[in-house]
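Please consult the sequence and the structure while reading.

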Amino acid sequence: MATLAEFREQYPQYDAVPDVKLADSLHQKFYSKIPKMDFYKTIGLGASAMIPGGEGNITLPQQPKEVSMRDRIAGIIETPLALGATLGGAAIAPIVGVVGSLTSGKFGTQAGVQAGQEAMKAVQYQPRTQMAREALGAIGEFVQPLTSALPPTLGSVGTSLNALAGPAMQQTGAAARQVVGQVAPPVQNALARVLPAPQQSQMQGMGAASTADQIMREQRLQQFDIPATAGQRTKNLAQQQFESEIQRGVITGISPDAKTKLAEQMRGFEANQKRAIVNNFERMTSEVGAEVADPTQARQVGKIVDKALNDEYTRKFNTYKELYNKADNSGETLQPVPYQSLLDFINSKTPTQRQKLDPILDSVAESLAMNDPSKTGAITVRALEDIYQQIGKVQNSANAKELKQIITQMGEGAGGEMYQAARSARKQLAKEFEDVGRVDKLLSTKAGYEDRRVALENVFKHIVIDAPFDEMRTVTSLLKKAGPEGRQAYAELKGQTIQQMKEMLTQNDQMSFKNLNTLINQLGDQKLTYMFGKTGRDQIMDLRDAIKDVVVKEPGAVNYSNTSGAVLRGLEALQTLRFPGASTAAEAARTRQVSKQVKKALEQPNQLAPTSTNKNALAK
């Protein structure tokens with residue numbers, strides 16, 4: 001467990017945990033041994049956070065503002081205009097400055113210099129959209145290594161662009177970058193139809209939910225040792241678009257070798273991420289005690305479960321037979337019992353039902369006649385038990401269950417104590433193994449064949465996936481009571497459940513959160529809690545959410561335009577300038593910057609939660 005003093009040091013990028021609900025969750029999971037108020041003070045929640053309505057006193061970090069579609073379109077329009085205006089303004093600004101100074105009548109004086117500066121401002125450009133600001137700011141940074149290659153006559157262009165580099169690195173809460181100049185009237189007119197009115201700065205406290213969500217995502221990911229990109233942690237659309245385009249190798253303006261290298265780096269990160277996720281499923285499988293559970297070992301798991309059930313059935317059947325043999329040897333089974341109720345049931349059926357649909361009816365009638373040649377209307381308990389066994393060997397009989405129930409009623413009170421003890425054991429055997437359809441199918445063969453009614457490779461699906469909760473519980477409760485062999489079989493079913501989650505997530509070598517989530521929802525809370533306990537169920541759900549964090553992207557993150565983000569589009573525009581050395585220098589500068597962005601995207605944050613993940617949470 002981390003100490004209070006380490007908490008802020010471990011996670012310095014947040015000024016404070018933004019809400020009480022999140023703080024309580026962190027405290028409960030990782031810091032429960034520390035007094036809550038002390039914990040609150042350490043993470044930046046004062047006593048006011050404990051008072052209803054006091055949450056508003058919390059100072060929250062400002063969050064980047066999501067760019068609307070309208071702003072995005074406006075930015076696309078403005079970026080090339082802004083670039084042209086900036087470059088054009090930079091080229092003519094010195095000339096205009098000199099003219100302005102001369103026409104002021106104060107040439108050569110400080111007032112003349114000031115007049116020239118005012119004249120220069122009139123032809124310089126101030127972009128209005130965030131996209132254009134980012135593009136021009138980035139160009140200013142990237143062009144620094146380029147300006148030395150420019151001809152002297154274009155030095156003013158480089159100087160103007162270099163002036164953008166410093167401000168480009170000054171990121172505020174809204175990620176705005178300020179650049180020099182005023183909006184030129186032609187560009188202003190071009191943008192008037194699409195640009196909204198200038199917006200006020202974001203109110204303090206906005207973005208708290210987003211910050212809280214990000215903290216919880218990072219806590220989940222760190223809990224399961226799953227690395228994540230910056231876009232996956234923040235759910236920032238622009239960042240996810242950038243990461244997607246890097247991985248797909250569609251970033252333009254950098255060398256093919258750099259493009260391939262960065263794409264391989266991103267794909268390698270994704271492969272490690274997938275491996276970390278799979279490792280969690282393997283760990284959980286080991287925690288429940290499974291030894292062979294695996295999607296490729298479904299038949300082997302079926303064999304283990306089948307053997308445990310059959311061995312338990314045989315053990316209980318042998319117990320019943322031992323009790324019956326004692327009663328039989330004592331003479332208790334020689335007592336006669338009337339069988340008219342059984343014969344009436346058989347005679348109530350039509351000839352077609354008796355002869356074609358369910359021949360066991362006539363077979364029982366024949367057995368009654370054979371055991372009562374004198375037609376007394378009664379047969380011995382022993383003969384009645386033989387008929388019961390005869391019925392039990394028939395599969396797919398529509399009347400077998402009712403026939404056995406009638407025989408059971410006929411034997412009530414017959415014989416002596418030993419026979420009644422045998423009857424009780426037989427009744428319990430039927431209740432657990434024969435009267436439960438899902439168990440009976442597992443132990444049965446197809447009518448007239450030796451083939452199993454449930455194939456061994458389908459045993460897991462038959463018990464866990466397809467069975468209603470009550471039937472699944474009936475089958476697994478038999479295994480849990482069946483000694484070490486049965487308990488291991490149950491462990492294999494639990495392990496196979498976790499392996500099936502892994503299979504649904506990774507089938508066809510693709511990460512499909514939808515398939516995983518469908519399976520978890522199909523199992524439902526009842527089954528998961530029954531099999532893994534509440535703590536284990538919670539861990540499975542947390543892992544599911546952590547997987548969602550890295551697999552599910554924001555809408556539009558992948559199917560974006562064939563260009564990169566606003567900053568990189570600005571660089572593309574810069575590369576269209578045809579002056580000596582520009583293309584090569586710009587490509588090199590852009591490659592360096594994109595590489596930095598990829599490195600930053602793949603960096604992992606400091607630990608928010610202690611690394612003491614609750615191991616063996618699924619063992620139950």
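## Packing of helices H25 and H26

Helix H25 passes helix H26 in a left-handed crossing. The model is a predicted one. Two packed helices are described by the angle between their axes and the distance between the axes. For H25 (residues 483-506) and H26 (residues 513-551), the angle is about 160° and the axes are 8 Å apart. An angle over 145 degrees counts as roughly antiparallel, and H25 and H26 are therefore roughly antiparallel to each other.

Residues from each helix meet where the two pack. On the H25 side they include Tyr 490, Leu 493, Ile 498 and Met 501. On the H26 side they include Leu 516, Leu 519, Leu 523, Tyr 530 and Met 531.

## Packing of helices H24 and H26

Helix H26 also packs with helix H24 (residues 469-480): their axes come within 10 Å and cross at roughly 10°. Angles under 35 degrees count as roughly parallel, and H24 and H26 are therefore roughly parallel to each other.

In this contact, Phe 469, Met 472, Arg 473, Thr 476, Ser 477 and Lys 480 of H24 meet Gln 526, Lys 527, Tyr 530 and Met 531 of H26. Tyr 530 and Met 531 are also among the H26 residues that meet H25.

## An aromatic cluster

A pair of aromatic rings is described by the distance of the centres and the angle of the planes. The model has 5 aromatic pairs. One of them is formed by Tyr 313 and Phe 317, which are stacked, at 6.1 Å centre to centre with 20° between the planes. Both residues belong to helix H15 (residues 298-329), where they are 4 residues apart, about one turn of the helix.

Tyr 313 also pairs with Phe 433, in this case edge-to-face, at 5.2 Å centre to centre and with 75° between the planes. Because Tyr 313 lies in H15 and Phe 433 in helix H21 (residues 417-434), this pair ties together parts that are 120 residues apart in sequence. Phe 433 is buried, with a relative accessible area of 1%. Tyr 313, Phe 317, Tyr 320, Tyr 324 and Phe 433 form one aromatic cluster. Over the ring of Tyr 320 sits the charged end of Arg 426, 5.5 Å from the ring centre.

## Asp 306 in helix H15

Helix H15 also contains Asp 306. Its relative accessibility is 16%, so Asp 306 counts as buried, the cut-off being under 20%. Leaving aside neighbours within four places in sequence, Asp 306 is in contact with Leu 442, Arg 452 and Leu 456.

Conventions: Residues are numbered from 1 along each chain as its sequence is written. This is a predicted model: local features need pLDDT of at least 70, side-chain atom pairs count only at pLDDT 80 or more; totals for chains, interfaces and linings use all residues. Side-chain values use heavy atoms; hydrogens and water are left out. Rings of Phe, Tyr and Trp (its six-membered ring) pair if their centres lie within 6.5 Å; planes under 30 degrees apart count as stacked, over 60 as edge-to-face and the rest as tilted. Buried means under 20% relative accessible area, exposed over 50%, partly exposed in between (1.4 Å probe, protein chains only). A charge sits over a ring if NZ of Lys or CZ of Arg is within 6 Å of the ring centre and within 35 degrees of the ring normal. Axes are lines fitted to C-alpha atoms, for helices over the stretch in contact, and angles run from 0 to 180 degrees between N-to-C directions. Angles under 35 degrees count as roughly parallel, over 145 as roughly antiparallel, 65 to 115 as roughly perpendicular and the rest as oblique. A crossing is left-handed if the near helix is turned anticlockwise from the far one by less than a right angle, and right-handed if clockwise. Contact means heavy atoms within 4.5 Å.
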